[in-house]
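Could you walk me through this protein model, from its overall fold down to a few individual side chains? I would like to follow along with the structure on my screen.

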Amino acid sequence: GALMANGFLLDDTVKIKENAKILFNSFKEEYGSVCCGTITNNGKDKSPCVDCCVFIANKVADLLDK
């Protein structure tokens, strides 16, 4: 969703790619993976899901604010 918002709300292809890389790397750094199955133990523990969504939503909002 964050990557879609990034691409939808920006017209600059270079900035879209730059932000996408920042989003990907910051999420992976924060959670150790970008794979939901890894983060949630194959869906057995969905407790991190809300935090993941809030984290990346805030991150994309900050990037789009600049």
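This is a predicted model: local features need pLDDT of at least 70, side-chain atom pairs count only at pLDDT 80 or more; totals for chains, interfaces and linings use all residues.

Residues are numbered from 1 along each chain as its sequence is written, and side-chain values use heavy atoms, with hydrogens and water left out.

Let's begin with the fold. The protein chain has 4 helices and 0 strands, where helices (H or I, at least four residues) and strands (E, at least two) are DSSP runs numbered from the N terminus. Along the sequence, the pattern therefore reads α-α-α-α. The C-alpha trace spans about 40 × 15 × 15 Å along its principal axes. Of the 66 residues, 23% are buried; buried means under 20% relative accessible area, exposed over 50%, and partly exposed in between, with a 1.4 Å probe and protein chains only. If you look at contacts (heavy atoms within 4.5 Å) between residues at least 6 apart in sequence, 49% of them join residues at least 24 apart.

Now turn to the largest pocket, with a volume of about 390 Å³. Its lining has 17 residues, and the closest to the pocket centre are Gly1, Phe27, Val34, Cys52 and Ile56. Helix 1 (2-9), helix 2, helix 3 and helix 4 (48-65) each give two or more residues to this lining, and helix 4 gives the most, with 6 residues. On a 1 Å grid over the protein atoms alone, a pocket is an open set of points where a 1.4 Å probe fits, with protein on both sides within 12 Å along at least five of seven lines, and lining residues have an atom within 4 Å of a point.

Next, find Ser33 in the loop between helix 2 and helix 3 (36-39). Ser33 counts as buried because its relative accessible area is 11%. A polar atom of the Ser33 side chain lies 2.9 Å from the backbone nitrogen of Cys35. Leaving aside residues up to four places away in sequence, Ser33 touches Phe27, Lys28, Thr38 and Ile39.

Finally, Lys15 and Glu18 form a salt bridge, with their closest N and O atoms 3.2 Å apart; the term means a side-chain nitrogen of Lys or Arg within 4 Å of a carboxyl oxygen of Asp or Glu. Both residues lie in helix 2 (residues 13-31), 3 residues apart, or about one turn of the helix. Lys15 is partly exposed at 27% relative accessibility, and Glu18 is partly exposed at 40%.

Key:
A polar contact is a pair of N or O atoms within 3.5 Å; within protein, one must be able to donate a hydrogen and the other to accept it, and residues adjacent in sequence count only if both atoms are side-chain atoms. Grid points are joined across faces, edges and corners, and a volume is the space filled by probe spheres set on the points.
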